[in-house]
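Hi,

Here's the structure I promised to pass on. Have a look at it first, then read my notes below.

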Amino acid sequence: MEHRYYGVSYPVNDMSGPNMRYLTVENALEDVAHFVRNAPEFVKASIGLTIGPQNKWVATGGSYSANLAVWLRQQYPDLFYAAYASSAP
């Protein structure tokens, strides 16, 4: 999954100062949580596989994304079974 404002994931038309208001840790965490909430339906429709409630999500990351992994587990314990943080600041 791509972090907003990186790669091709721009939620705005330009990178002006006012448009940077959407580049927050809170939004990044909610983006991942939204993906996890909607993954079962998307995966089923895309490739026909079923992600059931018995399947567990583990957040992983290194450096900044390690912090995101830990924060995801803290903020959304109902969605993330565990977090693995490598080289977290």
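**Salt bridges and pockets**

Let's start with Arg-37 and Glu-30, whose side chains come together in a salt bridge, with N and O 2.7 Å apart. Keep in mind that this is a predicted model. Both partners are partly exposed: Arg-37 has a relative accessibility of 43%, and Glu-30 has 31%.

How many salt bridges are there by this rule? The count is 2. The other one pairs Arg-4 with Asp-31, and here too the closest N and O atoms sit 2.7 Å apart. This pair ties together distant parts of the chain, 27 residues apart: Arg-4 belongs to the segment before α1 (25-47), while Asp-31 is in helix α1 itself. Arg-4 counts as buried because its relative accessible area, 17%, is under the 20% cut-off. Asp-31, at 22%, comes out as partly exposed.

Now for the pockets. The largest one holds about 330 Å³ of space. Its lining is made of 19 residues, and the ones nearest its centre are Met-1, Val-32, Thr-60, Leu-68 and Leu-72. Which elements supply at least two residues each to that lining? They are α1, β1 (58-62) and α2 (64-75). By type, the lining splits into 13 nonpolar, 3 polar and 3 charged residues.

The second largest pocket has a volume of about 190 Å³. There are 13 residues lining this one, with Pro-53, Asn-55, Trp-57, Asp-78 and Leu-79 closest to the centre. Its lining divides into 9 nonpolar, 2 polar and 2 charged residues.

Cheers

Terms used:
Residues numbered from 1 in each chain as written. Predicted model: local features only at pLDDT ≥ 70, side-chain atom pairs only at ≥ 80, totals over all residues. Heavy atoms only, no water. Salt bridge = Lys/Arg side-chain N within 4 Å of Asp/Glu carboxyl O. Helix = DSSP H or I, 4+ residues; strand = E, 2+ residues; numbered from the N terminus. Buried < 20%, exposed > 50% of the residue type's maximum accessible area, 1.4 Å probe, protein only. 1 Å grid on protein atoms, 1.4 Å probe; cavity = no way out; pocket = protein on both sides within 12 Å on 5 of 7 lines; lining within 4 Å. Points joined across faces, edges and corners; volume = space filled by probe spheres on them. Nonpolar A, V, L, I, M, F, W, Y, C, P; charged D, E, K, R; others polar.
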